[in-house]
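The following report describes the packing of a single protein chain, moving from individual helices to the cores and then to a few backbone positions. Please read it alongside the sequence and the structure shown here.

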Amino acid sequence: MTLTQLRYLVAILEAGLNISLAADRVNATQPGLSKQLKLLEEELGFQIFVRKGKSLDRLSPVGEEVVESARQILAEVGNIRALADNHRREASGELRLLTTQTQAQFVLPSALKGLRERYPDVNVHLSLTQDRAMRRLDQGEHDLAIVSAADDLAPAEFALPLYRWRRVGLAPSGHALTRLGRPVTLADLAEHPLIAYGADQDSSLVKAFEAEGVSPQFAYATQDSEVIKTYVRSGLGVGIVAEMALAGAPSDLVTIDIDGLFPACTTWAVLRRDRVLRDYVVDFLTLLAPHLRARDLQRLVRSGYRPAQSLAPTWRMLRERPTPSLVQSPIRRVLVGC
């Protein structure tokens, strides 16, 4: 049994049991990969995959256990390599980052620029989606996820709250909601078509309206803040966006204060507990969360302590004081007990 065989085995599974695709991903030939799988199954004395003709159909029950063990072995090999790279101060590598479009567009650019300046030989692979984020992280497809949620995350992995942010309404100049002369209510919003990031039943937006017994009109749903702005400018409805998306908002759009109508959201950094962090990953996170220093972050991961979202600074605070002067934050103070 070899590490190459285990790597091929996991690649087959991640390629949806497509041998040809798996071979391409690991820079092998299809016959070579098939041969190594056959040798591995012969050594084990059973089939890892159930076959239909010449094609792989699914994992056998014992095959599922083999794959799980293979993932753990390969992860530990990766940890050893990461430790060695950190010890040698190796400044090259790969950061596979999973995030949302809003974070990628309005928050990450400055941190990615800082990462590039410090580590010009680190390649960043960016995936823009929050769907199945935790599952994709668990399967080792990504090193780090930057995702947002209105509630505390409850994954098995380590989750660090980076900052809390609020939603803001957007309307064309002269819109009825801008001339109320009083605070906007959920009932006021429900009288107009709404354009937001999402309107499924699990959305905190929907739940807020339901709690008040109000039925909103979600006319359009998109993850792209710029599309929301464009639709608002076109008179298609009232936009609801993250406060960081106000950067570059057209001057003919008016912001509507809806703070307090919806729960605040928190942007989290989610990492695998069983992975050794490369130095450049730690530095990237400190660029995103200047209220922490590298050694503080490393202590948090090692300790297993997961700070609550209420301990994270607000986005407004980070924008007003974007320097390490924030290290005396509640998150850092609780490290005394870690």
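Against which elements do the buried residues of α1 pack? They pack against α2 (19-25), α3, β1 (49-52), β2 and α4. The model is a predicted one, in which local features need pLDDT of at least 70 and side-chain atom pairs count only at pLDDT 80 or more, whereas totals for chains, interfaces and linings use all residues. Residues are numbered from 1 along each chain as its sequence is written, and side-chain values use heavy atoms, with hydrogens and water left out.

**Overall make-up**

The protein has 14 helices and 12 strands, these being DSSP runs (helices H or I, at least four residues; strands E, at least two) numbered from the N terminus. Of its 338 residues, 45% are buried, where buried means under 20% relative accessible area, exposed over 50%, and partly exposed in between, with a 1.4 Å probe and protein chains only. Among contacts between residues at least 6 apart in sequence, 73% join residues at least 24 apart, a contact being heavy atoms within 4.5 Å.

**Helices α1, α3 and α4**

The buried residues of α1 are Gln5, Leu6, Tyr8, Leu9, Val10, Ala11 and Ile12. For α4, the buried residues include Gly63, Val66, Val67, Ala70 and Ala75, and also Asn79, Asp85 and Asn86; what covers the buried residues of α4 includes α1 (3-14), α3 (30-44), β2 (55-59) and α11.

| Helix | Residues in helix | First to last C-alpha | Expected span |
|---|---|---|---|
| α1 | 12 residues | 17 Å | 16 Å |
| α4 (residues 61-87) | 27 residues | 40 Å | 39 Å |

In α1 the reach is close to the expected value, and the reach of α4 is likewise close to what is expected.

The axes of α1 and α3 come within 9 Å and cross at roughly 110°, where axes are lines fitted to C-alpha atoms, for helices over the stretch in contact, and angles run from 0 to 180 degrees between N-to-C directions. The two helices α1 and α3 are therefore roughly perpendicular to each other, a term used for angles of 65 to 115 degrees, with those under 35 counted as roughly parallel, those over 145 as roughly antiparallel and the rest as oblique. On the α1 side Gln5, Tyr8, Leu9 and Ile12 take part, and these meet Leu33, Gln36, Leu37, Leu39, Leu40 and Glu43 of α3. The residues of this contact divide into seven nonpolar, two polar and one charged, with Ala, Val, Leu, Ile, Met, Phe, Trp, Tyr, Cys and Pro counted as nonpolar, Asp, Glu, Lys and Arg as charged, and the others, Gly among them, as polar.

**Nonpolar cores**

A nonpolar core is a set of buried Ala, Val, Leu, Ile, Met, Phe, Trp, Tyr and Cys residues joined through side-chain atoms within 4.5 Å. The largest such core holds 45 residues, of which Leu144 and Phe284 touch the most other members. Helix α11 (residues 279-288) gives the most to this core, contributing six residues. Once its neighbours within four places in sequence are set aside, phenylalanine 284 is in contact with Leu95, Leu97, Leu108, Ala111, Leu112, Leu115 and Leu144. Another core lies apart from it and has 22 residues, among them Val10, Val26, Leu33 and Ile48.

**Positive phi and buried single positions**

Several backbone positions carry a positive phi. Just after α1, glycine 16 takes a value of about 70°, while leucine 17, which is not a glycine, has a positive phi of about 65°. Leucine 17 lies in the loop between α1 and α2 and is buried, at 18% relative accessible area. Asparagine 27, also not a glycine, has a positive phi of about 55°; asparagine 27 is placed in the loop between α2 and α3 and counts as exposed, at 75% relative accessibility. Arginine 89, which follows α4, has a positive phi near 60°.

Alanine 245, in the loop between β10 (238-242) and β11 (253-256), counts as buried at 0% relative accessibility. The C-alpha atoms of alanine 245 and threonine 102 are separated by 7.0 Å, although the two residues are 143 residues apart along the chain. Glutamine 103 is found in helix α5 (residues 101-106) and is buried, with a relative accessible area of 1%. Beyond its neighbours within four places in sequence, glutamine 103 is in contact with Leu108, Pro109, Ser148, Tyr163, Trp165, Met244 and Thr267.

Conventions: Expected span 1.5 Å × (residues − 1).
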